[in-house]
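Trainee: Before we go through this, I would like each label tied to its cut-off. Can we start once the entry is on screen?

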Amino acid sequence: SFIFHLNLRKPAPLRCASSLMMESPKPILDFEKFDDGFVQKLVYDALVWSSLHGLVVGDKTHQRSGTVPGVGMMHAPIALLPTPFPESYWNQACEVAPVFNELVDRISLDGKFIQDSLSRTKKADVFTSRLLEIHSKMLERNKREDIRLGLHRSDYMLDEETKSLLQIEMNTISCSFPGFGRLVTELHQSLLRSHGDHLGLDSERVPRNASTSQFADAMAKAWLEYNNPRAVVMVVVQPDERNMYDQHWLSSVLREKHNIVTIRKSLAEVETEGRVHEDGTLTVGGQAVSVVYYRSGYTPRDYPSESEWNARLLIEQSSAVKCPSIAYHLAGTKKIQQELAKPGVLERFMDNKDDVAKLRKCFAGLWSLDDPEIIKKAIEKPELFVMKPQREGGGNNIYGDDVRENLLRLQREGEEENAAYILMQRIFPKVSNVFLLRDGVYHKDQAISELGVYGAYLRNKERVIINEQSGYLMRTKVSSSDEGGVAAGYAVLDSIYLN
Ligand SMILES: Nc1ncnc2c1ncn2[C@@H]1O[C@H](COP(=O)(O)OP(=O)(O)O)[C@@H](O)[C@H]1O
Ligand SMILES: N[C@H](CCC(=O)N[C@@H](CS)C(=O)NCCC(=O)O)C(=O)O
Ligand SMILES: [Mg+2]
């Protein structure tokens, strides 16, 4: 930011400013300059702020912390200060959010594309085949979803090599941290207001983040579109949830701002208490449900028995607004992400050339395992690739030598299992210095970050009611870690400092 201000003082030639903008972010923390005493003060203020503002998670050493609110809470893992991020890439990520929202909706309407794209994955991956089974049942019934609510998060890394913003993945189900994304932004703004002078940082450079209210408002509008004043919003949750407060933030806004009641049910509870009536209404425990918001159901672990699959099917068959519908869920799989990267496929869904260009600009290299050239290259240089199964929730990817091992194994075992994976270009973001705060202790470390941009989409038949970028989440992890993910225990919650 210091350099940025200097630049503002003299009328820099455009070239210089733009080249400054394209520069990789300057560290805003000169580690050597700070004394531990000052950092400890920042840490103390950050921990108090987090505790007072509900930026808390369940403490896994406390066995009731995943079921009983208020018991065994721990501050969420956070970065002490925001991470520098070039404003030009921030603008690009925000601008493309509504385009990705529209793309997901268009894909969801093309049942044949979904079934065809995943037809071989169906044979190689049981979990995906179960989801596809529900999807094909809906196609057979010609089930229409007139009211469609998407609450997405598109994740990006800034590739240092190519100086380009590349999409890691598009999440269309159970996107974590719409509650906490906003809170971490407010925490960092608060810390910079108190200590900004000493740090030489301006709190105005941390972009406003209304992720919680924008997601809750979208759910409230979907509730209105369903038009049953007695109906509730149902949050489908995991029986044991360490991240319940992030979820409760949305329920709290629904109640306080919109006077809408939410209920929390596991898939097993939906199976026992749920019913779909003649007119399509879903009732659970006798209460009519207008919107089903999944914060579970995205991983095989959420389906320990047939009961959970029955519940998923029951919900899908109802007239409730599913967030996501099975089609939206499948549109966000990694296999579909890889299919979309093939030449001409985006054009199948988007007629606006500029939109297609905006989407394609942030595609990393994505391949199926049916491309011998790529397989050969990945076996030679596995460190340049990430191999991904059709899984969500973190901790599932294959890196480095394991990529080579797995590719050789698949060659030996025959091509059947190939369709269960995709290959992706490995992205190498710039490393920056961060203070990571976990369990009340800070660690200075080299880290890399991943910017998640939330997108909300609400449509009723031909009427698009909401299509917006709705806040952001920065996740920062030690650069030595291949995997990411806060819930998975690798990353911390962060925000950005525009430079
Ligand atoms: N192409 C990539 N290059 C570098 N890191 C990646 C890449 N893809 C994924 N990762 C890392 O792995 C983590 C999980 O990958 P992701 O595709 O987001 O799977 P999940 O659905 O489990 O979150 C990401 O948060 C990121 O840290
Ligand atoms: N416990 C569930 C966790 C839900 C979950 O894992 N969601 C995936 C997308 S599917 C996700 O957003 N992962 C990135 C967040 C991270 O880094 O941990 C919840 O919070 O409702
Ligand atoms: Mg992810």
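Mentor: A residue is near a molecule or strand if one of its heavy atoms lies within 4 Å of it. Of the 19 residues around ligand 2, N243, R295, R475, V486 and A487 come nearest. This is a predicted model, where local features need pLDDT of at least 70 and side-chain atom pairs count only at pLDDT 80 or more, while totals for chains, interfaces and linings use all residues. Residues are numbered from 1 along each chain as its sequence is written, and ligands are numbered from 1 in the order in which they are written.

Trainee: What makes the pair between S174 and ligand 2 a polar contact?

Mentor: A polar contact is a pair of N or O atoms within 3.5 Å. A nitrogen atom of ligand 2 is 2.8 Å from a polar backbone atom of S174, so that pair qualifies. For Q247, a polar side-chain atom lies 3.0 Å from an oxygen atom of ligand 2. The protein buries 95% of the 530 Å² that ligand 2 exposes when taken alone (Shrake-Rupley method, 1.4 Å probe).

Trainee: Why is C175 called buried?

Mentor: Buried means under 20% relative accessible area, exposed over 50%, partly exposed in between (1.4 Å probe, protein chains only). C175 has 2% relative accessibility, so C175 counts as buried. C94, at 16%, also counts as buried.

How values were computed:
Side-chain values use heavy atoms; hydrogens and water are left out. A polar contact is a pair of N or O atoms within 3.5 Å; within protein, one must be able to donate a hydrogen and the other to accept it, and residues adjacent in sequence count only if both atoms are side-chain atoms.
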